[in-house]
Amino acid sequence: MKHDIIEGGGLSYAPCRYGMSRIFFRGPKRDLDSPYLAFLGGTETFGKFIDRPFPALVEKELRRTCVNFGCVNGGVDAFVNDPTIMAACHDADVTVVQVMGANYLSNRFYSVHPRRNDRFLRASTVLQAIYNEVDFSEFTFTRHMLGALYDRSPDRFDIVVSELRAAWSARMRNMLGQIGKRTILLWFSREELTDQPWQEREKPLSADPLFITKSMVDGLSDLVMNTVIARPSDIALSQGTTGMYFPTMQAKAAADMLSVNSHIEASAKLIPKIKEGLTVSDKI
């Protein structure tokens, strides 16, 4: 459980688990026997340092139970092989799936922790052959490892990016296929959803979700009802950590999170699409 402890500076996340899942989610724990909406995603969906993340704001506005299946530092791998969570999302009236980074999943080149998907476990023999001069035992986090590989050889790194994108697309299709079409994809990021080459972006390896393009998201349109783009406004981003709850020692981490107003804006964009989805769901 030590990997699931999250300090919130006085904010209680009321961690809970569902069924046989080993992931601790944000509580309070909800009854899955009554109708509900499901929200699946990473740190933003969980709402680290945020009193009312966007799933809670949607619940308040729609007056429907919203189950937060957000996982701090989670990616597709945290969920796709979890039968309890896949079944819960399948049974939801509507499921909102946050687009998560391609770096947060195991692939032909490296393996990640099954729940804390930002944790690098090991490099495959294939990656070790491509970067035979790199000591992979030095790395704990995937983003650190990827940054080091890019700095060592941008040309060789293109092979890694291609693999991560292919793995992400396949894993997402698997996951969305299990959940079913009563699903809304959510792009919740400072980054613009575009096909611009990733290395041309400002601070490219700090982007989140990492390596995801518009074409990749569009390629999933046949598996979902809708896609919502919730890119925070400049006003929301300028709010910084105002209204967040965090220990002083985590001030830098809090500054990297999307602001309270970013969550408010995201919920405002989601609500009409969820209402549309509920109408469609009622007809299925």
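Visitor: How many of the five residues of strand β1 are buried?

Guide: Strand β1 runs over residues 37-41, and both of its faces are covered, with Leu37, Phe39 and Gly41 buried on one side and Ala38 and Leu40 buried on the other. The strand is mostly covered, and the number of its residues that are buried is five of five.

Visitor: Which residue of β3 is the bridge partner of Ala38?

Guide: Strand β1 pairs in the parallel sense with β2 (residues 66-70) over five bridges, and there Gly41 has Gly70 as its bridge partner. Strand β1 also pairs in the parallel sense with β3 (residues 94-98), over four bridges. Within β3, the bridge partner of Ala38 is Thr95.

Visitor: Is Ile212 buried or exposed?

Guide: Ile212 is found in the loop between β6 (183-188) and α8 (214-218), and, leaving aside neighbours within four places in sequence, its contacts include Val99, Met100, Trp168, Trp187 and Val217. The C-alpha atoms of Ile212 and Asn103 are separated by 9.6 Å, although these residues are 109 residues apart along the chain. Because its relative accessibility is 1%, and the cut-off is under 20%, Ile212 counts as buried.

Visitor: Arg63 and Phe211 each have a positive phi; what is the relative accessible area of Phe211?

Guide: Arg63 has a phi of about 55 degrees although it is not a glycine, and its place is in the loop between α2 (54-62) and β2, where it is exposed with a relative accessible area of 78%. Phe211, also not a glycine, has a phi of about 70 degrees and is found in the loop between β6 and α8. Phe211 is buried, and its relative accessible area is 3%.

Visitor: Where is Pro209 found, given that the peptide bond from Asp208 to Pro209 is cis?

Guide: The peptide bond from Gly27 to Pro28 is cis, with omega near 5 degrees, and Pro28 is found in the segment before β1. The peptide bond from Asp208 to Pro209 is cis too, with omega near 5 degrees. The place of Pro209 is the loop between β6 and α8.

Visitor: What distance does the polar contact between the side chains of Arg171 and Asp77 have?

Guide: Arg171 is found in helix α7, which covers residues 154-179, and, apart from its neighbours within four places in sequence, Arg171 is in contact with Val76, Asp77, Val80, Leu105 and Ser106. The polar contact that joins the side chains of Arg171 and Asp77 has a distance of 2.5 Å.

Visitor: Over which residues does pLDDT stay under 50?

Guide: The mean pLDDT of the protein is 94, and 95% of its residues reach 70 or more. Where pLDDT is low, the predicted coordinates should not be read in detail. The stretch over which pLDDT stays under 50 is residues 1-5.

Note on methods:
Residues numbered from 1 in each chain as written. Predicted model: local features only at pLDDT ≥ 70, side-chain atom pairs only at ≥ 80, totals over all residues. Heavy atoms only, no water. Helix = DSSP H or I, 4+ residues; strand = E, 2+ residues; numbered from the N terminus. Buried < 20%, exposed > 50% of the residue type's maximum accessible area, 1.4 Å probe, protein only. Contact = heavy atoms within 4.5 Å. Polar contact = N/O pair within 3.5 Å; in protein donor to acceptor, adjacent residues only side chain to side chain. Pairing = 2+ DSSP bridges. pLDDT = per-residue confidence, 0-100.
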